[in-house]
Amino acid sequence: MEEKKTNTHCHAHGHAIGSQKACVSLVPIFNHLEAEQMEEIMVTAQSVSYKKGEIIYHAGGQSDSLYIVNKGKIRIYRLSESGKEQLVRILTPGDFTGELALFKEAVHESYAEAMEETKVCLINRSDLQQFLMRFPSISLKILTEFSNRLEQSEKQTARFATEKVETRIALFLAECLDSENDAKEFVLPMSKKDLASYLGTTPETISRKLADLEDQGLIKQKPRKRIEILDLDGLLFV
């Protein structure tokens with residue numbers, strides 16, 4: 001897969017400040033800063049657009065920028081030696097990737113692909129390192145994000161090694177519930193193909209296991225990828 005040249009996607013009309021502002025104010029590592037400090041970051045950000053299916057960066061490519069999602073969705077995935085795809089995570093507005101570039105010269109270990117029309121803000125390493133020195137609170141926010149991702153990665157690895165497929169699916173569905181309210185219904189955040197890649201199985205198995213969970217009275221599948229949890233306790237013991 002060929003990495004897209006970012007300059008071919010740039011907006012031709014100046015800095016598109018509104019777009020950068022949306023990026024900087026969305027992302028948790030910056031949104032705690034004062035307005036003047038965010039303004040400094042905005043000036044260095046480059047707005048880039050990608051079409052659905054475009055590769056934003058590829059494994060082995062130079063990692064020298066932070067990518068912040070302004071609009072759209074990005075899937076981060078890896079390829080095994082046999083060419084099998086493993087979905088790592090899906091980014092939505094306010095999420096970011098490429099953070100390892102902040103601390104060292106590195107190459108990407110994964111692929112990033114736009115899942116729909118997507119806008120990102122790019123901030124290069126040298127600019128970001130200056131911000132990190134001037135605003136230490138950014139570093140703390142990034143470390144928090146690192147620890148969250150490490151915890152999620154370790155949890156996923158442990159599940160692959162120890163839990164059967166239906167348990168992985170059941171736990172994933174339970175985690176999709178919004179803990180801040182009592183709603184028992186949500187939209188599946190990815191396609192069955194991506195969910196299969198994320199959970200280490202096949203789309204056919206996902207469909208079959210969801211039907212099984214429905215037959216057991218634990219969930220109800222609704223149109224437009226909506227899932228209703230009917231028995232959360234039962235789901236957690238699958």
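## The largest pocket

Helix α4 supplies the largest share of the lining of the largest pocket, 12 residues. The model is predicted. Within this pocket lies about 1,300 Å³ of space. Its lining counts 40 residues. Those nearest the centre are Val88, Arg89, Ile90, Arg149 and Gln152.

Strands β5 (74-79), β6 (85-91) and β8 (106-107) each give at least two residues, as do helices α4 (136-162) and α5 (165-176). By residue class, the lining of the largest pocket holds 17 nonpolar, 12 polar and 11 charged residues.

## Helix α4

Helix α4 has 27 residues, which should span 39 Å at 1.5 Å a residue.

Buried residues of α4 are Ile138, Ile142, Arg149, Gln156 and Arg159. Arg149 is also among the residues nearest the centre of the largest pocket. The cover over the buried residues of α4 includes helices α2 (35-44), α3 (125-134), α5 and α6. Strands β6 and β7 (96-97) are also part of that cover.

## The cavity

How many cavities of 30 Å³ or more does a search of the whole structure find? The search finds 1. The volume of the largest cavity is about 70 Å³. Its lining consists of Gln152, Lys155, Gln156, Arg159, Phe160, Arg168, Phe172, Glu175, Tyr198 and Leu199. Helices α4, α5 and α6 are the elements that give two or more residues to this lining.

Helix α4 again has the largest share, here with 5 residues. The lining of the largest cavity divides into 4 nonpolar, 2 polar and 4 charged residues. Two of its residues, Gln156 and Arg159, are buried in α4. Gln152 lines the cavity, and Gln152 is also listed nearest the centre of the largest pocket.

## Nonpolar cores

In soluble globular proteins, nonpolar side chains tend to be buried together. The largest nonpolar core here has 28 residues. Ile169, Phe172, Leu173, Ile219, Ile229 and Leu235 touch the most other members. Strands β6 and β13 (226-229) each supply at least two residues of this core, and so do helices α5, α6 and α7 (203-215). Helix α5 gives the most, with 6 residues.

Leaving aside residues up to four places away in sequence, Phe172 touches Arg159, Leu188, Pro189, Met190, Leu195, Tyr198 and Leu199.

Arg78, Leu79, Ser80, Lys84, Glu85 and Gln86 are among its lining residues. The lining also includes Lys193, Ala196, Ser197, Gly200, Thr201 and Pro203.

Which element gives the most to this lining? Helix α6 does, with 3 residues. Strands β5 and β6 and helix α6 (192-199) each supply at least two. The residues of this lining divide into 3 nonpolar, 5 polar and 4 charged. Strands β5 and β6 also contribute to the lining of the largest pocket.

Key:
Residues are numbered from 1 along each chain as its sequence is written. This is a predicted model: local features need pLDDT of at least 70, side-chain atom pairs count only at pLDDT 80 or more; totals for chains, interfaces and linings use all residues. Side-chain values use heavy atoms; hydrogens and water are left out. On a 1 Å grid over the protein atoms alone, a cavity is a set of points where a 1.4 Å probe fits but cannot get out, and a pocket is an open set with protein on both sides within 12 Å along at least five of seven lines; lining residues have an atom within 4 Å of a point. Grid points are joined across faces, edges and corners, and a volume is the space filled by probe spheres set on the points. Helices (H or I, at least four residues) and strands (E, at least two) are DSSP runs, numbered from the N terminus. Ala, Val, Leu, Ile, Met, Phe, Trp, Tyr, Cys and Pro count as nonpolar, Asp, Glu, Lys and Arg as charged, and the others, Gly among them, as polar. The expected span of a helix is 1.5 Å times one less than its number of residues. Buried means under 20% relative accessible area, exposed over 50%, partly exposed in between (1.4 Å probe, protein chains only). Contact means heavy atoms within 4.5 Å. A nonpolar core is a set of buried Ala, Val, Leu, Ile, Met, Phe, Trp, Tyr and Cys residues joined through side-chain atoms within 4.5 Å.
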